[in-house]
Every structure is written in C-alpha cells, then in structure tokens.
Amino acid sequence: MAQLSDDCFAFGGALLSVEAAEALIAERVSPLPHEETAPLAAALGRVLARDLLAPLPLPPFFNAAVDGYAFRHADLGAGGETRLVIAGRVAAGQPAGGGDMAPATAVRVFTGAPMPPGADTVLMQEDARLEAGAVLVPTGLKPGANARPAGEDVPAGAVALPAGRRLRAPEIGLAAALGLAALPVRRRVRVGVFSTGDELAPPGEPLRAAQTYDSNRFTLLAMLAGLPVEATDLGILPDRPEAVAAALRCAAGAQDVLLTSGGVSTGEEDHVRAAIEGAGRLVFWRLAIKPGRPAAMGVVGGVPVVGLPGNPVAAVVTFLHLARPLVLRLAGAAPEAPPRFAARAVFSYRKKAGRREYVRVRLGPGSPLPEAAKFGREGAGLLTSLTESDAFAELAEEMTEVAPGDIVRVLPFAAAF
C-alpha cells in the first residue's frame with residue numbers, strides 16, 4: 001500500500017497547470033518498493049524492477065546474416081572477380097568446424113549459421129556465380145559484409161533493458177533471446193475505482209426516476225487496463241459525505257490509489273471534497289484546463305485519492321493528467337508522456353487565454369500533415385464525441401484562436417484508450 005504524508009501534494013495556488021501537476025507527482029510520490037518475479041508469458045505490461053544485464057552477448061556467436069558463401073575478405077583479388085573453391089557447408093544450428101579455413105576457399109552458409117573460423121565476410125547467394133565447385137566473388141564487397149559479430153545487438157554484461165521500462169512485445173522478445181525465462185518486475189499498483197452520485201444506476205439494472213446509467217466507472221476501468229495495475233470496481237457511492245468518507249477510509253486499507261468520478265465541484269450536492277477532508281487531507285487541485293477544471297487530489301490513510309469530474313470527457317482528460325502519471329509513478333515506470341503529433345486545423349475556434357483546452361477532432365489525410373476537423377458539438381458530457389472522434393487537439397494556454405490552416409498539436413485517443 002502507498003504510504004504518503006497527508007500534505008505531500010500541498011499546493012497554495014489557484015489554478016495548476018498540467019506541467020505543474022505532473023511535476024508535483026514526479027517530485028513527491030515515490031514508487032512502491034515491492035518487487036516480484038514474473039515468467040515471460042505473464043510479464044507483458046509489467047514494469048521492470050531492476051536494470052536487466054545481458055547474461056550473454058546477442059547474438060551469442062559470429063554468424064551469417066544471409067544465405068550465401070563465407071570467406072576471408074583478405075583472399076579477394078584487387079581487380080575483377082575472385083574464384084574461391086567451395087570447401088564446406090554450414091547450416092543454422094550446426095557447429096562451424098575446427099581450424100581456420102584454407103586460403104582461397106569459401107564455405108556455403110545459411111542465415112544464422114556460425115561463421116567458419118577465419119571467415120569474416122559473406123557473399124549473398126543472389127550475387128554469387130558458381131563454376132565447377134567454386135564461387136566467383138565480384139568486386140566491391142566490404143569487409144564484414146552480411147555477417148553479424150557476437151554482441152552486435154547487445155554485448156555481454158551491458159544493460160539490455162533499464163529499470164522502469166514497461167515491458168511490451170519487443171522487450172519480451174529481447175529477454176527471451178537472452179535466455180531469460182522470468183524477469184524482476186514491480187508489483188502491480190492496486191487501484192480502487194468508485195463512481196459517486198444518487199443519480200447513477202449500474203448498467204443492467206432498472207433505472208429509477210431521474211437516474212442515468214453509470215459510464216465513467218467502466219471507462220476508467222478500461223483505461224486502467226492498459227496500465228500496470230490491478231484495478232478493483234468499488235461500485236457507486238451515495239451522495240452522503242459520511243458514507244463517502246467511510247468508504248474511502250475502508251478502501252484505503254487495501255488499495256494503493258483510489259479514483260472517484262463526480263462530486264468534486266463546489267455545488268451543494270458535491271460531497272467528495274468534503275469526504276476526503278473528513279477522512280484525510282485534501283488539496284483541491286483546480287487544473288487550468290478545459291474540460292476538467294474541477295478535480296480533487298488528497299491522501300486518506302496514506303493512500304492518494306484522485307477525484308475526477310463527473311462529465312465523461314472531463315473525466316478522461318483529467319485521468320490522463322492526474323491519474324495516469326500518478327499510477328505510473330507508483331508503478332516505478334519511467335516517465336511516459338502520451339505521444340502527440342502535429343496536424344493542420346480545418347476548423348475555427350476561440351478560447352480564453354490562461355488555460356489549456358482539449359478539443360475533440362477527427363483526423364483525415366492531408367499533405368504534408370494530417371487534417372484535424374472539430375467534432376460538431378462541444379459538451380463535456382457527450383460520450384459520442386469520444387466514439388466519433390480520433391484525438392484531442394491540445395490548445396496551449398497562450399492561444400486564443402484557431403483558424404483553418406493553423407498547425408495544432410493533437411493527442412490521439414489510441415494513447416489514452
């Protein structure tokens with residue numbers, strides 16, 4: 001369980017920028033210390049706990065990179081083709097044999113086969129001309145061509161993967177190539193997810209008067225599924241401060257992070273802020289963003305609590321800037337900013353200076369940059385604005401207007417979902 005001081009997030013300002021929020025998390029939250037071993041088949045998505053040192057060179061021996069003929073480059077003549085007698089054959093998985101090759105000879109080799117002793121260069125079979133038991137090697141071949149030295153990819157003892165790396169398919173493959181059947185990883189971060197509000201009903205149950213179905217909890221659980229976490233659905237909290245506070249205190253004993261959505265603004269029926277204050281310590285972070293300004297962050301029983309807005313789009317945006325970096329920090333992962341890229345706007349838009357705005361856009365082909373077209377409606381409660389768009393156009397604080405043809409930075413949904 002995370003054990004943070006009650007005032008670790010203390011901040012005295014009015015509105016917090018995205019960068020300041022993320023810096024505060026990086027500076028004041030330490031990774032969970034727990035380490036365990038995961039077999040390769042179960043290591044996908046986990047965070048490497050320690051630098052992974054290569055126990056052997058990769059490749060482990062000098063080998064042919066192509067099918068062809070191996071020889072000593074020094075045997076080639078200065079001008080014209082060189083005739084080398086074919087003196088042997090080595091396939092992948094076979095030993096290369098004993099002593100050095102005889103002068104002016106070549107050995108038939110196949111991709112991955114060990115290089116014969118003394119050989120340093122390979123002629124691709126497509127470029128070879130054969131003649132009465134010999135191969136004719138053209139000019140222009142450089143020493144070492146089409147051959148892979150031992151350790152060319154990773155030398156023995158080198159850091160093959162650094163601590164904090166999230167393990168994807170390429171990292172799993174590299175570990176397997178080094179002969180490792182299991183890896184030291186950080187324990188998954190335990191995240192409990194609540195929704196709040198008497199107006200919410202679980203999907204699948206009948207709606208009472210004035211109720212809507214809870215969607216945020218399932219959106220957040222789905223977003224967490226792409227992170228190194230063990231997420232727990234903790235259900236819906238009623239609009240009663242004492243019940244919310246009691247639930248947070250109870251859940252803090254089993255979780256490393258608590259996420260809530262809804263009830264974090266300043267209305268009379270927004271009880272999450274008061275509940276966190278009653279159960280622990282709260283510093284109310286009002287982020288300088290739209291949508292998603294009302295957000296809460298505090299500590300209950302040593303466990304960080306992130307209160308996200310109730311509007312679905314605002315919940316997604318604030319998840320990306322508060323919950324995601326917090327979870328990755330606790331998981332010991334190296335910093336990972338969601339990828340952005342440039343696009344050309346094909347819409348007009350006005351905004352206030354001093355806050356960052358996230359505008360939902362569809363992406364289309366363009367030259368030299370893709371084109372970004374604004375979704376037709378702007379409400380932060382429109383779930384279809386996420387299902388029918390591709391990305392957020394991230395409009396910087398100093399911007400006040402976007403005109404067709406302007407270059408904007410976009411954050412693709414694929415990075416979030």
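Which strands and helices do the buried residues of H4 pack against? They pack against strands E14 (189-196), E17 (229-237), E18 (257-261), E22 (296-300) and E23 (303-308), and against helix H5 (272-279). Contact here means heavy atoms within 4.5 Å. Helices (H or I, at least four residues) and strands (E, at least two) are DSSP runs, numbered from the N terminus.

This is a predicted model, in which local features need pLDDT of at least 70 and side-chain atom pairs count only at pLDDT 80 or more, while totals for chains, interfaces and linings use all residues. Residues are numbered from 1 along each chain as its sequence is written, and side-chain values use heavy atoms, with hydrogens and water left out.

Stay with helix H4, residues 241-252. Its buried residues are Ala243, Val244, Ala245, Ala247, Leu248, Ala251 and Ala252. Buried means under 20% relative accessible area, exposed over 50%, and partly exposed in between (1.4 Å probe, protein chains only). The expected span of a helix is 1.5 Å times one less than its number of residues. The 12 residues of H4 should therefore span 16 Å, and the end C-alpha atoms are 16 Å apart, which agrees.

Now the cores. A nonpolar core is a set of buried Ala, Val, Leu, Ile, Met, Phe, Trp, Tyr and Cys residues joined through side-chain atoms within 4.5 Å. The largest has 43 residues. Val189, Val191, Leu224, Leu259, Phe319, Leu326 and Phe392 have the most contacts inside it. Helices H1 (18-28), H3 (216-224) and H6 each give two or more residues to this core, as do strands E14, E18 and E23. The largest share, 11 residues, comes from H6. Leu224 touches Val191, Val193, Val229, Ala231, Leu259, Phe319 and Val327, not counting residues up to four places away in sequence. A second, separate core of 18 residues includes Ala251, Val272, Ala279 and Val303.

Helix H6 (residues 312-330) also holds Thr318. Thr318 counts as buried because its relative accessibility is 0%. A polar atom of its side chain lies 2.8 Å from the backbone oxygen of Ala314. The Thr318 side chain also reaches the backbone oxygen of Ala315 at 3.3 Å. A polar contact is a pair of N or O atoms within 3.5 Å; within protein, one must be able to donate a hydrogen and the other to accept it, and residues adjacent in sequence count only if both atoms are side-chain atoms. Leaving aside neighbours within four places in sequence, Thr318 is in contact with Leu287, Ile289, Gly292, Leu308, Pro309 and Ala323.

Next, a sheet. Six strands form an open sheet in the order E8-E5-E7-E6-E10-E9, with mixed pairing. Strands E8 (121-124) and E9 (129-131) stand at the edges, each with a single partner strand, so one side of each is left without a neighbour in the sheet. Two strands pair if DSSP finds at least two bridges between them. Three bridges join E9 to E10 (residues 134-137), and these two run antiparallel. Leu130 stands opposite Val135 in E10.

Finally, the loops. The peptide bond from Leu58 to Pro59 is cis, with omega near -5°. The bond from Ser367 to Pro368 is also cis, with omega near 5°. Pro368 sits in the loop between strands E26 (356-364) and E27 (371-374). Ala210, in the loop between strands E15 (200-201) and E16 (212-213), has a positive phi near 70°. Ala210 is exposed, with a relative accessible area of 75%.
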